[in-house]
Amino acid sequence: MSSESTQESGTRARTRRAILDAAVEVLSKNAAAPLSDIAAEADVGRSTLHRYYPERDDLVRALGEDALDKLSAAQIRARPHEGPADAALRRMSHECFDLGPLLALIYGDPHALSNESFWVRLSTIDEPLFDLLERGRADGTFSSNLKVRWVRHMLWWCLLTGWESFAHEDYSRTEAIEAIDETVARITGAAAPR
């Protein structure tokens, strides 16, 4: 393979990444935003965007897959099977915190990524979270009687709220993460973090 084709592959990968990142940024604020807004945010022409994603549905599908890859990677980095359940849950929250715009897109407008396979895979990606919550309940770390699915939904909403407080209000990153930790501890019935 020539260095020219390798460079083109690198350039294509960077362009694709710029388009996907711009789509998260734009669509998390307005799910109905035109593709021209995404192209402008990515600093590419609309024709370039269409070469990568001929139809809006193609972009949305790729965006959903990318989102799920990022969520999965964050959960893996959190090592949910290691250590006490409350500490593992805090690690998971902290790893997912920077996915705020992505969470805004997924949960702010569930129709934004309206693709059945996306929602099926999301529930699979959340399996380590379900296992962690069940483990914490079984070993007494989590004393809440709330259903695990409810706690899962509340965790994602806490993360989204924390991110929005950091991004749009006067919360520092540390304050937002501490507020998430305290809220999640109350929801799960865990001891408050020290």
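**Terms and their grounds**

Tutor: Apart from residues up to four places away in sequence, T188 touches L89, L133, F142, S143, S144 and V151; contact means heavy atoms within 4.5 Å. This is a predicted model, in which local features need pLDDT of at least 70 and side-chain atom pairs count only at pLDDT 80 or more, while totals for chains, interfaces and linings use all residues. Residues are numbered from 1 along each chain as its sequence is written, and side-chain values use heavy atoms, with hydrogens and water left out.

Student: Why is T188 called buried?
Tutor: Buried means under 20% relative accessible area, exposed over 50%, and partly exposed in between, with a 1.4 Å probe and protein chains only. T188 has a relative accessible area of 3% and is therefore buried. T188 lies in helix α10, where a helix is a DSSP run of H or I with at least four residues, numbered from the N terminus.

Student: What makes S165 buried?
Tutor: Its relative accessible area is 9%, so S165 is classed as buried. S165 belongs to helix α9, residues 148–168, and, leaving aside neighbours within four places in sequence, is in contact with D170 and Y171.

Student: What lines the second largest cavity?
Tutor: On a 1 Å grid over the protein atoms alone, a cavity is a set of points where a 1.4 Å probe fits but cannot get out, and lining residues have an atom within 4 Å of a point. For the second largest cavity these are L133, R137, F142, S144, V148, V151 and T188. The elements α8 (127–138) and α9 each give two or more residues to that lining. The volume is about 50 Å³, namely the space filled by probe spheres set on the points, which are joined across faces, edges and corners.

Student: Which residues lie nearest the centre of the largest cavity?
Tutor: They are D86, R90, D181, V184 and A185, from a lining of 12 residues. About 80 Å³ of space lies in the largest cavity, and α5 (85–97) and α10 (173–188) each supply at least two lining residues.

Student: Which residues touch the most other members of the largest nonpolar core?
Tutor: A nonpolar core is a set of buried Ala, Val, Leu, Ile, Met, Phe, Trp, Tyr and Cys residues joined through side-chain atoms within 4.5 Å. Of the 57 residues in the largest one, I38, L59, L71, L89, I106 and W156 touch the most other members. Helix α9 gives the most to this core, with eight residues.

Definitions and conventions: 1 Å grid on protein atoms, 1.4 Å probe; cavity = no way out; pocket = protein on both sides within 12 Å on 5 of 7 lines; lining within 4 Å.
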